[in-house]
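Let's take a friendly look at the charged pairs of this protein and at one spot on its surface. Here is the model to keep beside you.

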Amino acid sequence: MTSSISTASDTVTVLVHGSEIARLAREGFPNLRVLSAKDLTSLEDQVADADIIVGSGIDFPVQLFDKARRLRWFQSTSAGIDAILPIRDRVSDLIVTNARGIHADSIADFVMTGIGMMHWDFPRFMREQSGREWHMRPVQPISHKTLGVVGLGSIGVEIARRAKSAGMTVIGSKRDLTSPLENVDRLLPPKDIAELLRLSDFVVLAVPHVPETTKLIGREQLRQMRRGAFLINIARGSVIAESELVEELQAGTIAGALLDVFEREPLPTDSPLWTMPNVLITPHVSGYPSDYTARVFEIFGDNLQRYLEKKPLRNVVDLTRGY
C-alpha cells in the first residue's frame, strides 16, 4: 500500500506491540514514525510517544494507557477487546477499532470440520485404528441435523451459511430480530436460548466476551440440550461455566464438546477435559489463519489512511456494548 501523506501528518507516531505490522506500516506509510515494541519494557519506554497503538485487545497491558498521553486510537489485532473492557469508563474518548471480519472463514472451516468429526465419532475410529479393530456402524446424514448458532455476528453468519450449504436446519440467536437472515431458518432472541438448545443437535457459541455472556452456558442450559447433542465453543472460555460442563459431560447429559477456548489458557495440564473421550480440545486456533498478519494490516492500513484523511474508521468498537 502506498500512502499520500501531508506534511501535517508527519508527526503522527504509530506504536506496534508484538507483531510484524510495524514492518508493513513502515513500507506502506514511509512518512510516518512507526515504533516497534517487542516486549513490555520497550513498550513502556515508548508508549508516551504514541498517537496510535496497534496491539492485541485481549491481553494488552492497559495500565500503560495512563502514560500514553498522546494516544487517540487503539487498533486491536483481535476481534475481542477483553483487556480494555474493565477500564472502558476511563477511556471513553479513545477510538478503539478491532479486527472483526478476518476470522469468519477460518472459524467456519473449523466448526464444520468439528461437526463432521463429532457426528461420525472420529475419535472412536482413531482408537479402533490404533487397536486394529474393524467395527462398521451406520451414521445418519448431517443434512438431517439441526445447528443452533448463539451469536450471529460476522462469524456466526458464516457458520450458518456453511451449515445451510451442508443441508442442515439452522436456528440462530441474536439481539436484533428486525431483519431476517439468509441461511437462518429461525431467529430467536437471547431470552429464548432454551428453545434453541432444546431443538439443536449441535450448538455453536459465537458471542462476544461481554459481562452479559459470562457463564452463559452452565448446568441449567446443558440440561436443556438434547442428550445426543454436541457443544462447540469458539467464543471465549468465560462463556461456559467450565466445572459444570465437566460434570455434565461426565454424567452424559450431552454427547460431547469441541472446545477451542477455556477459562484459563493454556488449559492447565490437570484439567479433566484433556482425557475425556467425548471432548475435542484445540489450543485457541480456530480464528488463526496462516495469513493473519496480512489480514489485520488490510484493516489497519485502510484505517490508518482514513485516520490521516480525517475520515470515519472501519470496525469502531462501541465501548458501552463491548463490541
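Which side chain meets lysine 215 in a salt bridge? The partner is glutamate 263, at 3.6 Å from N to O. This pair links distant parts of the chain, 48 residues apart: lysine 215 sits in the loop between β9 (202-205) and α7 (219-222), and glutamate 263 in the loop between β11 (256-259) and β12 (279-281).

A word on the source: this is a predicted model, where local features need pLDDT of at least 70, side-chain atom pairs count only at pLDDT 80 or more, and totals for chains, interfaces and linings use all residues. Residues are numbered from 1 along each chain as its sequence is written, and side-chain values use heavy atoms, leaving out hydrogens and water.

The whole structure holds 29 salt bridges (a side-chain nitrogen of Lys or Arg within 4 Å of a carboxyl oxygen of Asp or Glu). Three of them are listed here.

| Pair | N to O distance |
|---|---|
| Arginine 162 and aspartate 109 | 2.6 Å |
| Lysine 215 and glutamate 263 | 3.6 Å |
| Arginine 219 and glutamate 247 | 2.0 Å |

Arginine 219 and glutamate 247 also belong to a salt-bridge network with Arg223, Glu244 and Glu248.

Arginine 162 is buried, at 18% relative accessible area, whereas aspartate 109 is partly exposed at 40%. Buried means under 20% relative accessible area, exposed over 50%, and partly exposed in between (1.4 Å probe, protein chains only).

Conventions
Helices (H or I, at least four residues) and strands (E, at least two) are DSSP runs, numbered from the N terminus.
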